[in-house]
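Morning, everyone. Let me put the structure up, and then I'll walk through it.

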Amino acid sequence: MPLTCLNYFNVLHLTWLMLIAMITPKRSGDPTMYESYWIKMGEETTVVIPGWQFMSYFSDATSLCWFLEPEFAKQIVRLHNVVGNAVTENRHIVVGTGSTQLFQAALYALSPKSESEPISVVSAAPYYSSYPLITDCLKSRLYKWAGDARSFSKNGPYIELVTSPNNPDGFARHSVVNSSQGILIHDLAYYWPQYTPISSPANYDLMLFTASKSTGHAGMRIGWALVKDEQVARKMTKYIELNTIGASKDSQLRAAKVLKVISDICEKQDEGDSFFEFSYHVMAERWKQLRQAVHQSGLFSVPDFPPQFCKFLNRVFEPQPAFAWVKCKGEIEDCESFLRAKKILTRGGKHFGVSPKYVRISMLDRDNNYATFVERISMIRDTTVSKTGETILL
């Protein structure tokens, strides 16, 4: 049979399905776990945008962040106030194409322009694996990656990235470098009640958030920064203006609708439809399943977290991070390669500035993929070779 265009793409599709069946991808952090909730919500978050609407670059020409849609800004403030996870009073909101662009904008805004060499950028290991790549991708003369904050001892100004809860290990973080010359950026992408108890509103000079991990809408490519200093906010806005001439209005409008629906349900105290109640219970069940699988296998360990009281959910629970920070026990030195051979894709510890005995595994995949992952990791057993050369299962 001739290989027509249609047949060719059918072959590609079948090949892709076979690859998916062979290897469970758990390293990207794509938050497709949330699809089932938003499917259940039906038309609640549907947005219709006429072809003539939002054609201008400008949202509010008089505003500091002139491409920030007022309704999106309103819903950001409202949701943070409802959840109680961040101070919004006396803060400037800067919107960007995900928190990645906002991170770059923050580096641009906070870097001294008169220094003879780039300012050092550090974060305590294990740190988010994209920090070094994003920091150094343009080879900027303003800033450069300087590695693990715990071993940083250089005199002079520096920028420290504090991710809390931390990606990849899930622990609450504070600044590590003990110096008065440090400038802090707080990445709070995971400071939401499905991942960690909300003990108090975060109150820092520059805080980054993103729709991808708060609501699961990674495809919107929308993040926001809460910035205390007006000049820093202006410089961040200028960077985004130079980089992309603003952020998508369509995405902002859609994000505003999603945030509004979440806040509306929270204020009605309707636990049956609550996004955070749904997400909390899914994460709790997934961490329970993973801990059972790890115990059954005996080859791995995952962190234990102290329980805390969550003021928003009004209950005590242990943090249940978006990623599992898994350590291979015994003589397995390259955990990423070991698990890949078992048809599980992960991201190895070397990307996070630590030993390759560690891997990061996403907890946010679709239900069927997550179930396959848990089944596969539970079936991995310790093996050793006897004197006769036989492989023995222990």
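First, a term: helices (H or I, at least four residues) and strands (E, at least two) are DSSP runs, numbered from the N terminus. This is a predicted model, where local features need pLDDT of at least 70, side-chain atom pairs count only at pLDDT 80 or more, and totals for chains, interfaces and linings use all residues. Residues are numbered from 1 along each chain as its sequence is written, and side-chain values use heavy atoms, with hydrogens and water left out.

Start with helix 3. Just after helix 3, G84 takes a positive phi of about 80°. What about the length of helix 3? The expected span of a helix is 1.5 Å times one less than its number of residues. Helix 3 covers residues 70-83, 14 residues, so the span should be 20 Å. Its end C-alpha atoms are 20 Å apart, which agrees.

Now burial. Buried means under 20% relative accessible area, exposed means over 50%, and partly exposed is in between (1.4 Å probe, protein chains only). In helix 3, the buried residues include F72, I76, L79 and V83. Q75, R78 and H80 are buried there too. Which elements do the buried residues of helix 3 pack against? Contact means heavy atoms within 4.5 Å. The partners are strand 2 (92-96), strand 7 (206-210), strand 8 (223-227), helix 8 (249-268) and helix 9.

Next, helix 8. Its 20 residues should span 28 Å at 1.5 Å a residue, and the end C-alpha atoms are 28 Å apart, which agrees. Among its buried residues are K249, Q252, V258, L259, I262 and C266. The buried residues of helix 8 pack against helix 2, helix 3, strand 2 and helix 9.

On to the core. A nonpolar core is a set of buried Ala, Val, Leu, Ile, Met, Phe, Trp, Tyr and Cys residues joined through side-chain atoms within 4.5 Å. The largest one has 103 residues. Those with the most contacts inside it are F72, V94, I185, L206, M236, L290 and F300. Helix 9 (residues 275-297) gives the largest share, nine residues. A second, separate core has six residues, including A149, F152, Y158 and V177.

Take M236. Which residues is M236 in contact with, leaving aside neighbours within four places in sequence? They are V94, L102, A105, A106, A109, L206, A225 and V227.

Now the surface. Y57, F58 and I245 form a nonpolar patch there, with about 340 Å² of accessible area together. Like charges are joined within 9 Å, nonpolar side chains (Val, Leu, Ile, Met, Phe, Trp, Tyr) within 5 Å. Areas come from the Shrake-Rupley method with a 1.4 Å probe; for residues, only the protein chains shown count as cover.

F58 lies in the loop between helix 2 (35-40) and helix 3. F58 is partly exposed, at 45% relative accessible area. I245 sits in the loop between helix 7 (230-244) and helix 8. I245 is partly exposed too, at 42%. I245 also has a positive phi of about 50°, although it is not a glycine.

K139 has a positive phi of about 50° as well, and is not a glycine. K139 is in the loop between helix 5 and strand 4 (143-148). Is K139 buried or exposed? Exposed, with a relative accessible area of 70%.

Last, the cis peptide bonds. One joins A125 and P126, with omega about 0°. P126 lies in the loop between strand 3 (119-123) and helix 5 (130-136). Another joins S164 and P165, with omega about -5°. P165 is in the loop between strand 5 (158-163) and strand 6 (182-187).

Notes
Patches are made of residues with over 30% relative accessible area and no salt bridge: like charges are joined within 9 Å, nonpolar side chains (Val, Leu, Ile, Met, Phe, Trp, Tyr) within 5 Å. A salt bridge is a side-chain nitrogen of Lys or Arg within 4 Å of a carboxyl oxygen of Asp or Glu.
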